[in-house]
Amino acid sequence: MTATQELTKNQSLVFNALARADGPLSAYTILDQLRNDGFRAPLQVYRALDKLLDYGMIHRLESINAFVACAHPHTHSHGHGMIAFAICEKCGQVSEFSDDVITGRVREWTNGNGFKQSKTTIEIRGVCANCSTA
């Protein structure tokens, strides 16, 4: 998002719901949380989510069909490189990270095979350190 773009009320409400969440949220969970703020239809949530995705402020976790606020919204812009997520299957914690070595290997492969990538997201599912010692 550029300095000249401002979030609409609905975009701000959706972003704030994701930013204060302990884990990823589905669109319907967001809708339920924002009903007292005037949200009545899933389309309101999806429109806000689409813009927030465009602005690079949130991410969609495709394997669980949920959304999280970007952990580093100012360190990469729309079209940033590879992003990876470690998703705990016990507690639902999501850790966002990127790795220059993996990004380089993916870039080498795509360049070497003439593949034009538009987005690279890696989702690692398993058990986090806290849950594995509990």
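Which side chains meet in a salt bridge with an N to O distance of 3.5 Å? In this predicted model, they are those of E89 and R125. Residues are numbered from 1 along each chain as its sequence is written. Because the model is predicted, local features need pLDDT of at least 70 and side-chain atom pairs count only at pLDDT 80 or more, while totals for chains, interfaces and linings use all residues; side-chain values use heavy atoms, with hydrogens and water left out.

A salt bridge here is a side-chain nitrogen of Lys or Arg within 4 Å of a carboxyl oxygen of Asp or Glu. E89 lies in the loop between strand 3 (83-88) and strand 4 (94-97), and R125 lies in strand 5, so their pair ties together parts that are 36 residues apart in sequence. Helices (H or I, at least four residues) and strands (E, at least two) are DSSP runs, numbered from the N terminus. R125 is partly exposed, at 42% relative accessibility. On this scale, buried means under 20% relative accessible area, exposed means over 50%, and partly exposed is in between (1.4 Å probe, protein chains only).

A search of the whole structure finds 3 salt bridges. One of them joins E62 to K119, with the closest N and O atoms 2.8 Å apart. E62 sits in the loop between strand 1 (58-61) and strand 2 (66-69), and K119 in the loop between helix 4 (100-112) and strand 5 (121-126), so this pair links parts that are 57 residues apart in sequence. E62 is partly exposed at 45% relative accessible area, whereas K119 is exposed at 54%. Another salt bridge is formed by R35 and D32, whose closest N and O atoms are 3.4 Å apart; R35 is partly exposed, at 34%.

The loop between helix 4 and strand 5 also holds T120. T120 is buried, with a relative accessible area of 16%. Its side chain joins that of Q117 in a polar contact of 3.0 Å. Such a contact is a pair of N or O atoms within 3.5 Å; within protein, one must be able to donate a hydrogen and the other to accept it, and residues adjacent in sequence count only if both atoms are side-chain atoms.

Next comes the sheet. Strands of a sheet pair through backbone hydrogen bonds, either parallel or antiparallel. An open sheet is formed by 3 strands in the order 4-3-5, with mixed pairing; two strands pair if DSSP finds at least two bridges between them. Strand 4 and strand 5 are the edge strands, each pairing on one side only. Strand 3 and strand 4 pair in the antiparallel sense over 4 bridges, and A84 has F97 of strand 4 as its bridge partner.

Strand 3 also contains C88, which is buried at 4% relative accessible area. According to an unreviewed UniProt entry, the annotation "binding site" covers C88, C91, C128 and C131. These residues span 44 residues in sequence, yet no two of their C-alpha atoms are more than 8.2 Å apart, so they gather at one spot. UniProt positions are given in the numbering used here, feature names are shortened, and annotations may be inferred rather than shown by experiment.
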